[in-house]
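Good morning, and thank you for making time for this item.

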Amino acid sequence: MIKKIVLASNNPGKVREIGQLLADLDIEVVPQSEFGIPEIEETGLTFVENAILKARNAAELSNLPALADDSGIEVDALMGAPGIYSARFAGVGASDAQNLEKLLGDLQTSESKTRTARFQCLMVLMTHATDPTPLICQGTWEGEIIDSPKGDNGFGYDPIFYIADEQCTSAQLPAEKKNVLSHRGKALNCLLEKLSNL
Ligand code: IMP
C-alpha cells in the first residue's frame, strides 16, 4: 500500500490542484521541490513520454513512488498547437501571460475562424524509477478560446478557455468546480480508481 508519493512538478498551479484532488486520501503527497529536485528537460514528443520522464526522474531522486502530470492545450485553428509545448510556447522560461498572449496573437493572424480547443492531461504513477508498468491515465476537457482573458482563478491558459456549459472561462470557476470538470481531475480520478483496484 502506497503511503507517501512525490509529486513530479514545480508548477505551483498544478501542485495546488493535485494537492486539492488528493486531499482526502490517506497518502502523503510531497512536491519534488522539497527534495530539491529540479524540473527535467521534456524531450519527449508526446504527453505520455514527458510524464514518464518526469515521474522516473522524481522516483529516482527521491526513492519514493512518483506521480507526474504532463498537460497542455490543443487549439484546432493552430493545428493542435501549442500541445506539448504549452508551457514554453512563447519561449523557454516564458510566463503564463506571455504564452497566453502568443496564443491570442497566433489566432488573430490565423485564417481559421474555428475557436475550439481542449486541455489534455496525462497522469502517470510509477512505484519506482524502473517500474516497467506505470499506471497511465488521460483526461480531456473541451472548450473554446475567447479573445480577451476573463477571471483570476487557475493558471496558464484558464482565462481564455471558455466552457459553454458553465458560460464562463475556467479561470472564473471556483477551484472545486474546476477540479471536478478538468482534464486533470478526470485523469487523476481514473488513476485513483486503477490504484484502488490493485
Ligand atoms: P507541462 O508542465 O509541460 O505539463 O506544461 C503544462 C502547461 O500547459 C502549463 O504551463 C499551462 O500553460 C498549460 N496547462 C495545463 N493544464 C492547465 C490548466 O488546467 N489550466 C491552464 N493551463 C494549463
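This is a predicted model: local features need pLDDT of at least 70, side-chain atom pairs count only at pLDDT 80 or more; totals for chains, interfaces and linings use all residues.

Let me start with the open spaces. The largest pocket holds about 770 Å³ of space. Its lining comprises 36 residues, and those closest to the pocket centre are N11, K14, S86, A87 and R88. Four elements, namely α1 (12-21), β3, α3 (96-109) and α5, each contribute at least two residues to this lining. Of these, α1 provides the largest share, with four residues. In terms of class, the lining of the largest pocket is made up of 11 nonpolar, 13 polar and 12 charged residues.

What takes up this space? The largest pocket is the space taken by the ligand. The elements that place two or more residues in the shell around the ligand are β3 (66-75) and α5 (183-196). The strand β3 gives the most to that shell, with four residues. Altogether, 18 residues surround the ligand, and K14, S71, D158, K178 and R184 are the closest. Sorted by class, the shell contains four nonpolar, six polar and eight charged residues.

An N or O atom in the side chain of K178 is 2.8 Å from an oxygen atom of the ligand. A polar side-chain atom of K54 lies 3.3 Å from a ligand oxygen atom. The backbone takes part as well: a polar backbone atom of Y157 is 3.1 Å from a nitrogen atom of the ligand. As for cover, the ligand on its own has 500 Å² of accessible area, and the protein covers 96% of it.

The next topic is the second largest pocket, which contains about 190 Å³ of space. Which residues line the second largest pocket? They are M1, I2, L25, D26, I27, L192, L195, S196 and L198. Seven of these lining residues are nonpolar, one is polar and one is charged.

The structure holds one cavity of 30 Å³ or more, and the space in the largest cavity is about 80 Å³. Its lining consists of I2, I5, L22, L25, I27, L67, L125, L188, L191, L192 and L195. The helix α5 supplies the largest share of that lining, with four residues. By class, the cavity lining has 11 nonpolar residues, no polar residues and no charged residues.

Finally, I would draw attention to the backbone. Most peptide bonds are trans, and most residues other than glycine have a negative phi. A81 and P82, however, are joined by a cis peptide bond, with omega at about 0°. P82 belongs to the loop between β3 and α3. M79 is also found in the loop between β3 and α3, and M79 has a positive phi of about 55° although it is not a glycine.

Note on methods. Residues are numbered from 1 along each chain as its sequence is written. Side-chain values use heavy atoms; hydrogens and water are left out. A residue is near a molecule or strand if one of its heavy atoms lies within 4 Å of it. A polar contact is a pair of N or O atoms within 3.5 Å; within protein, one must be able to donate a hydrogen and the other to accept it, and residues adjacent in sequence count only if both atoms are side-chain atoms. Accessible areas come from the Shrake-Rupley method with a 1.4 Å probe; for residues, only the protein chains shown count as cover. On a 1 Å grid over the protein atoms alone, a cavity is a set of points where a 1.4 Å probe fits but cannot get out, and a pocket is an open set with protein on both sides within 12 Å along at least five of seven lines; lining residues have an atom within 4 Å of a point. A molecule sits in a cavity or pocket if more than half of its atoms lie within 2 Å of its grid points. Ala, Val, Leu, Ile, Met, Phe, Trp, Tyr, Cys and Pro count as nonpolar, Asp, Glu, Lys and Arg as charged, and the others, Gly among them, as polar. Grid points are joined across faces, edges and corners, and a volume is the space filled by probe spheres set on the points.
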